[in-house]
Amino acid sequence: MDQYLYFILSLVLLFLWGVIFWLRTDLRRKMLRAGFIGGVAGILAELWYFTDYWRPPTLTGIATISPEDFIVGFAVTGLAMTVYDVVMRTTDTAGERPQRRAFLILFLCGLLSLLIFGTFLNYNTCIVSEAAFIGAALVICVMRPDLLRVSLLSGALLGLIGFVLYLILFTWLAPDFWQTYWLLADTRLGITLIGVPVTEIAWYASWGMLAGVAHNFASGRKKIPL
């Protein structure tokens, strides 16, 4: 059963993505574009996470790159970028100055932080990535204060989605999953909330904070009522 849990998670996330894609035609283009970027990033991120964060069973083996990595990255990124629009019934329109160069700099700084703190200084890679997501989101919100609410609510909503799915799929259906495959179990970072690792909730929330505003920041678009 453990071998299929990550795959089931990816399918559930993809289903939620599909619901938004079907309901909101105005969001489809950015969901597809950002989703593919997120899918590739999901694969690359696991190369770091396998070293010191978790070693999950997948369709292709234990702690190996798998289709689930792409699907989760694809779906989570699309959800992060649109969950605010769905809940608050907003859409994007032009009106602000595009910040593509600034966003590229933030991206490179985040990648550099992973290399320095995660690879060379041996800080936990998941914690480093969460800090990088939050740091980049804060910089964006300082430059675009109108996106602060979007960032916070996107993070809260995506964190809630992650918590509920993990509670059902892992804590209830496979209560020994984290103790077996999570490398932070029984460490000072191994804090859980009703059996769900706080680091997992934080990952979803921090990614939601960043991905929820990245497109608006880079493209110079703002939120208006639908």
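K223 counts as buried, at 18% relative accessibility, where buried means under 20% relative accessible area, exposed over 50% and partly exposed in between, computed with a 1.4 Å probe on protein chains only. The model is predicted, so local features need pLDDT of at least 70 and side-chain atom pairs count only at pLDDT 80 or more, while totals for chains, interfaces and linings use all residues. Residues are numbered from 1 along each chain as its sequence is written, and side-chain values use heavy atoms, with hydrogens and water left out.

A salt bridge joins K223 to D85, with 3.0 Å between the closest N and O atoms; the term stands for a side-chain nitrogen of Lys or Arg within 4 Å of a carboxyl oxygen of Asp or Glu. Because D85 belongs to helix 3 (residues 67–88) and K223 to strand 6 (residues 221–225), this pair ties together parts that are 138 residues apart in sequence. Helices (H or I, at least four residues) and strands (E, at least two) are DSSP runs, numbered from the N terminus. D85 has a relative accessibility of 0% and therefore counts as buried.

A salt bridge also forms between K223 and D92, where the closest N and O atoms are 2.9 Å apart. Here too distant parts of the chain are linked, since D92 sits in strand 3 (residues 90–94) and K223 in strand 6, 131 residues apart. D92 and K223 are both buried. With K30 included, the picture widens to a network of salt bridges that links K30, D85, D92 and K223.

Across the whole structure, the search finds six salt bridges. One of these is between the side chains of D26 and R24, at 2.9 Å from N to O. The two partners can be set side by side: D26 counts as partly exposed at 38% relative accessibility, whereas R24, at 7%, counts as buried. A charge is also placed over an aromatic ring, with R28 lying over the face of F21 at 5.0 Å from the ring centre. For this assignment, NZ of Lys or CZ of Arg must be within 6 Å of the ring centre and within 35 degrees of the ring normal.

Turning to the rings themselves, the structure holds 22 aromatic pairs. Y53 and W54 have ring centres 6.5 Å apart and planes at 55 degrees, so this pair is tilted. Rings of Phe, Tyr and Trp (its six-membered ring) pair if their centres lie within 6.5 Å; planes under 30 degrees apart count as stacked, over 60 as edge-to-face and the rest as tilted. Y53 is buried at 1% relative accessibility, and W54 is buried at 4%.

F133 and W203 provide an edge-to-face example, with 6.2 Å from centre to centre and 75 degrees between the planes. F133 is located in helix 5 (residues 125–143) and W203 in helix 8 (residues 198–219), so the pair ties together parts that are 70 residues apart in sequence. F133 and W203 are both buried.

Helix 8 also contains T199, which is buried with a relative accessible area of 7%. Beyond its neighbours within four places in sequence, T199 is in contact (heavy atoms within 4.5 Å) with Y53, C126, I127, E130, W182, L184 and L189.

R89, although not a glycine, has a positive phi of about 55 degrees. R89 lies in the loop between helix 3 and strand 3 and counts as exposed at 52% relative accessibility. D186, likewise a residue other than glycine, has a positive phi near 65 degrees. The loop that holds D186 runs between helix 7 (177–181) and strand 4 (192–193), and D186 is exposed, with a relative accessible area of 70%.

Finally, the cysteines. The structure holds zero disulfides, a disulfide being a pair of cysteine sulfur atoms within 2.5 Å. For C109, the closest cysteine sulfur is that of C141, and the 17 Å between them is too far for a bond. C109 is partly exposed, with a relative accessible area of 46%, whereas C141 counts as buried at 9% relative accessibility.
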